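User: I am new to this structure. Please show it, and then take me through a few of its local features.

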Amino acid sequence: MVDYQGKKVVIIGLGITGLSCVDYFLAQNVIPKVIDTRLSPSGLEQLDDRVIYHLGNLNIDWLFEADLIIASPGIALSTPELQKAAEKGIEIVGDVELFCREVNQDRNKKIIAITGANGKTTVTTLVGDIVKEAGLKVGVGGNIGEPALSLLKQDCDIYVLELSSFQLETTSSLQASVATILNISEDHMDRYPLGLMQYAEAKQRIYHNAKCCVINHDDKLTKPKNNHHHCVSFGIKAGDYHLDDNYEYLIAQQKPVLATNAMKLIGCHNYLNALAALAIADSLNIDRDSSLKTIANFQGLPHRFELVFDSNGVKWINDSKATNVGSTEAALNSVICNGKLFLLLGGDGKSADFSPLIPYLKGRNIEIFCFGRDRNLLANLAPNISTITETMAETIECIAKKVAPKDVVLLSPACASLDQFKNYIERGNLFAQLAKQYTQRGEK
């Protein structure tokens, strides 16, 4: 275990990740201080009595007295208080950095690191299932599920981590056996004022000291800037792993390996996710037959292009996790509709540029419904086919009166949900609930 004895440690941010950091230091008899800018942060009631805390703002005196600051991913390094601490030479890291320092001490343990604007949770979960089915001890977490530090309590052969750009900003010791950036598209532009390249630069940190990089052949921003890396590629029509011309097979190193109609996942973007997962598994020398069996049986994840209701020939697809433009582009590329497509857009766009969606709205039988904070901006994409409502409930009430057999209703908002919902999960659950409610009402 890395020794932090005698260090003055300040942890910024509570919640499940903050508590995992507290537990990590208490196990070494290092009692940290905790700061949270919220007045009633989650996890406060679980905080050890030995730990003192400060709420409501960043306590600059505590920060300047620290030897080590553990910053929550939600706190930008550009925050003035953190910048001043950094100028004083105070080390600022995140929980993933602490995790990597520990794992690096055991050469028998491997880290699989996965990031991207879209699809990273699906790929992380699928890779975790593949490793588990292969009979290896696996821990899955990071930006999903368990915090990275909590995984250290498990005796794992392989750790599969989903990592956000925010987490990567405070991580420098990652030495992944396999690392991937699945794709790059605008997201969190409110956090990256210099634009897409600043966001991509944060993602590129995942490749530092990686043994193998799995890259998206169709997205040049996923290629490591350092050409010395060993790379394996996946893509739609080209790459080491790709689809055949008719999207009927997954092709691995020029050989058809799995029929897409044998998979429970649907949509081209999910086929790409499966190809990325297979490339990672092959890089780990996992038996391919075992990997393909797991991929074929993988059900997918809730709120990610999920068919939640199918009644009277009308399909209702919940893609509430599409919180950025790139994810909605992927959904529009994947959706198969023989009638009219009713597309729900809306929420907090996080200062994103919505214009890349425009080509997907032309030349197809489509009607757009825009709700939430940025509804007017979204409606301007195609004003001739757009309807503006304040809430998603109002939108679905309108759509339910119009749908006919062969139509598809797709919630793929291209926006965060926090303007009207607790999270994308609540938004997706309401979509599914209202779809069923209005459909059943119409059947009576």
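Analyst: Buried means under 20% relative accessible area, exposed over 50% and partly exposed in between, with a 1.4 Å probe and protein chains only. Helices (H or I, at least four residues) and strands (E, at least two) are DSSP runs, numbered from the N terminus. The model is predicted, so local features need pLDDT of at least 70, side-chain atom pairs count only at pLDDT 80 or more, and totals for chains, interfaces and linings use all residues. Residues are numbered from 1 along each chain as its sequence is written, and side-chain values use heavy atoms, without hydrogens and water.

User: Which residues of helix α13 are buried?

Analyst: Helix α13 covers residues 392-400. Its buried residues are M392, T395, I396 and I399.

User: Within what arc do the buried residues of α13 fall?

Analyst: The arc is taken from the directions from the helix axis to the C-beta atoms. The buried residues line one face of α13, because seen down its axis they fall within an arc of 95°.

User: Is A414 buried or exposed?

Analyst: A414 is found in the loop between β20 (408-411) and α14 (424-443). Its phi is near 65°, a positive value in a residue other than glycine. At 1% relative accessibility, A414 is buried.

User: In β20, which residue is the bridge partner of W316?

Analyst: Two strands pair if DSSP finds at least two bridges between them. Strand β16 (residues 314-318) pairs with β20 in the parallel sense over four bridges. In β20, the partner of W316 is V409.
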